[in-house]
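Subject: Structure handover

Hello,

Here is the structure you asked to take over. My notes on what turned up in it follow below.

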Amino acid sequence: MSFLFGNRSSKTFKPKKNIPEGSHQYELLKHAEATLGSGNLRMAVMLPEGEDLNEWVAVNTVDFFNQINMLYGTITDFCSEDSCPVMSAGPKYEYHWADGTNIKKPIKCSAPKFIDYLMTWVQDQLDDETLFPSKIGVPFPKNFMSVAKTILKRLFRVYAHIYHQHFDAVMQLQEEAHLNTSFKHFIFFVQEFNLIDRKELAPLQELIERLTTKDR
């Protein structure tokens, strides 16, 4: 949520994805911001009464894209071809890129290139009106949840890379509170609706346990 970042002008990595004002999804976003403001993240992720799960997942997915976009935007100077020749999350986890359409066979590439591919791919999904309809009454497609799960699984990898490879830079920029709050919100959300397989979360398992046990 934007309030996590105050009003300072942050450079985002990709253009921010806006939810049209006056739309129902905008109302949902405002609802989520208000609940988040109360500081109770477990409550903030729950499906509001009478709301459509697809729509709630859509609004939050857009929001997490914007948050990660902002977080990664703050550390792009530290994430280069030289510093991060592979996309990794610690020594045990390395990610190769494939989107299934343009790049079918996974390719090994640097972290900045991987994240550029990933965020561009997410942007394309979010901009696709057949997948993420913004008009009232336009139904979500049958495969919406599986698309949303893939998006969230991939966005997680950016958090994992930032935590493993760039936490020093995050500390230097005094961004760790933003990063932790954003990630905790993300984890509570994906746990609430069972959106990411546990094995995918392995690179940050210890951190997840630390962040979530405080709030039981």
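K30 counts as partly exposed, at 36% relative accessibility; the term covers values between buried, which is under 20% relative accessible area, and exposed, which is over 50% (1.4 Å probe, protein chains only). The partner of K30 in a salt bridge is E33, and their closest N and O atoms are 3.1 Å apart. A salt bridge here is a side-chain nitrogen of Lys or Arg within 4 Å of a carboxyl oxygen of Asp or Glu. E33 is buried, with a relative accessible area of 17%. Both residues belong to helix α1 (residues 24-37), where they sit 3 residues apart, about one turn of the helix. Helices (H or I, at least four residues) and strands (E, at least two) are DSSP runs, numbered from the N terminus.

Before the rest, some background. This is a predicted model in which local features need pLDDT of at least 70 and side-chain atom pairs count only at pLDDT 80 or more, while totals for chains, interfaces and linings use all residues. Residues are numbered from 1 along each chain as its sequence is written, and side-chain values use heavy atoms, with hydrogens and water left out.

On confidence, the protein averages a pLDDT of 89, and 92% of the residues score at least 70; pLDDT is the predictor's confidence in each residue, from 0 to 100. Over residues 1-9 the pLDDT is below 50, and this stretch has 22 contacts in the model beyond near neighbours in sequence. Contact means heavy atoms within 4.5 Å.

Back to the salt bridges, of which the structure holds 7. One of them joins the side chains of E200 and R157, at 3.3 Å from N to O. E200 lies in the loop between α6 (176-192) and α7 (205-213) and R157 in helix α5 (residues 144-172), so this pair ties together parts that are 43 residues apart in sequence. Both ends are buried: E200 has 18% relative accessibility, and R157 has 12%.

Another salt bridge runs between R198 and E209, with the closest N and O atoms 3.7 Å apart. R198 is in the loop between α6 and α7 and E209 is in helix α7, 11 residues apart, so the pair links distant parts of the chain. R198 counts as exposed at 58% relative accessibility, and E209 as partly exposed at 39%.

Next, the cysteines. How many disulfides does the structure hold? There are 0, a disulfide being a pair of cysteine sulfur atoms within 2.5 Å. For C79, the nearest cysteine sulfur is that of C84, 4.0 Å away. For C109, the nearest is that of C79, 11 Å away. C109 is buried, with a relative accessible area of 8%.

Under "binding site", an unreviewed UniProt entry lists C79, C84, H161 and H166; UniProt positions are given in the numbering used here, feature names are shortened, and annotations may be inferred rather than shown by experiment. These residues span 88 residues in sequence, yet no two of their C-alpha atoms are more than 9.9 Å apart, so they gather at one spot.

C79 is found in the loop between α3 (53-75) and β1 (87-88), and C84 lies in that loop too. Each is buried, C79 with a relative accessible area of 4% and C84 also with 4%. Leaving aside neighbours within four places in sequence, C79 is in contact with Y72, C84, A111, P112, H161 and H166.

Regards
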